[in-house]
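The stops below go from one selection to the next.

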Amino acid sequence: MPGKRPRFLSVLLILLVGAGLLVWWVNALTNEDALWFLRSFSAQADWIIIYWDGNTSMIFPGDPAYEAIMADFAAGVAHATGFEEDAELSDESLESYRTRQRMVELHFNTPARVHTRHPFRDATCYWVPLDGVHAEQRRVFGGLNEHPRTGVLTMSVNRFEQLRQTVEQSLAQSGPES
């Protein structure tokens, strides 16, 4: 019996699997994350700082607002709608947000990874401006050791607004410290 020819569906299946593996491999190399397709963020911040019009509040695990802020942040970065390679948070802007504007800052003792299709690196600190130009673009900055890196994730409008409302509600309930 002469050799059988592969059926069209078998060839098509092999090509589709090959193409899928190629897409996964290219994204895994680009993002340095084999699980880029999961779109998740499960790390828990060791502390959160809220800067609000010159006032500062610190939130720790176990505090009433911690879980809600952490959940909204995680959902927002895990389902980022975009990535801006050239956007950056300058030292001057960071200082302005900390002293005069509104921002939430999440700190991790060890680098935390956002599983995303975007080339967003692990970070020990995440900054989310809640007003001003960066907030209009719904940007999330990440960095190591208090230094934001260039390249930011963009949250969806709904998830960003949910985070902003949760932060504002937590301040209304506890009152800002200084």
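How many aromatic pairs does a search of the whole structure find? The search finds five aromatic pairs. Rings of Phe, Tyr and Trp (its six-membered ring) pair if their centres lie within 6.5 Å; planes under 30 degrees apart count as stacked, over 60 as edge-to-face and the rest as tilted.

Before selecting them, some ground rules. This is a predicted model, in which local features need pLDDT of at least 70 and side-chain atom pairs count only at pLDDT 80 or more, while totals for chains, interfaces and linings use all residues. Residues are numbered from 1 along each chain as its sequence is written, and side-chain values use heavy atoms, with hydrogens and water left out.

**Stop 1: the whole chain**

Colour by confidence. pLDDT is the predictor's confidence in each residue, from 0 to 100. The mean for the protein chain is 86, and 86% of its residues reach 70 or more. Confidence is lowest in H1, at a mean of 73, and highest in E1, at 97.

Switch to a cartoon. The protein chain has five helices and eight strands, in the order α-β-β-α-β-α-β-β-α-β-β-β-α from the N terminus on. Helices (H or I, at least four residues) and strands (E, at least two) are DSSP runs, numbered from the N terminus.

Of the 178 residues in the protein chain, 40% are buried. Buried means under 20% relative accessible area, exposed over 50%, and partly exposed in between (1.4 Å probe, protein chains only). Contact means heavy atoms within 4.5 Å. Among contacts between residues at least 6 apart in sequence, 66% join residues at least 24 apart.

**Stop 2: the aromatic cluster**

Select Phe41, Phe73, Phe108 and Tyr126, which form one aromatic cluster. Start with Phe41 and Tyr126: this pair is edge-to-face, 5.7 Å centre to centre, with 85° between the planes. Phe41 lies in the loop between helix H1 (8-31) and strand E1 (47-52) and Tyr126 in strand E5 (residues 123-129), so the pair ties together parts that are 85 residues apart in sequence. Both Phe41 and Tyr126 are buried.

Now turn to Phe108 and Tyr126. Their ring centres are 5.7 Å apart and their planes at 85°, so this pair is edge-to-face. Phe108 lies in strand E4 (residues 102-112) and Tyr126 in strand E5, so the pair ties together parts that are 18 residues apart in sequence. Relative accessible area is 5% for Phe108 and 0% for Tyr126.

**Stop 3: helix H2**

Select residues 66-78, which make up helix H2. At 1.5 Å a residue, its 13 residues should span 18 Å, and its end C-alpha atoms are 18 Å apart, which agrees. The expected span is 1.5 Å times one less than the number of residues. Buried residues of H2 include Tyr66, Ile69, Met70, Phe73 and Val77.

Which residues does Met70 touch, not counting residues up to four places away in sequence? Met70 touches Phe41, Ala43, Gln44, Ala45, Leu106 and Phe108. Met70 counts as buried, at 2% relative accessibility. Met70 and Leu163 are 93 residues apart in sequence, yet their C-alpha atoms are 8.9 Å apart in space.

**Stop 4: the nonpolar cores**

A nonpolar core is a set of buried Ala, Val, Leu, Ile, Met, Phe, Trp, Tyr and Cys residues joined through side-chain atoms within 4.5 Å. The largest has 33 residues, and those with the most contacts inside it are Phe41, Phe73, Val104 and Tyr126. The elements that give two or more residues to this core are E1, H2, E4, E5 and helix H5 (157-174). H2 supplies the largest share, seven residues.

Select Val104. Beyond its neighbours within four places in sequence, Val104 is in contact with residues including Ile48, Ile50, Ile69, Tyr126, Leu163 and Val167. A second, separate core of 11 residues includes Ile49, Cys125, Trp127 and Phe141.

**Stop 5: two loops and a strand**

Most residues other than glycine have a negative phi. Asp53, though not a glycine, has a positive phi of about 50°. Asp53 is in the loop between E1 and strand E2 (55-59) and is partly exposed, with a relative accessible area of 40%.

Arg138, in the loop between helix H4 (132-136) and strand E6 (139-144), has a positive phi near 60°. Arg138 is one of the residues in contact with Thr154. Finish on Thr154, which is in strand E8 (residues 152-154) and is buried, with a relative accessible area of 10%.
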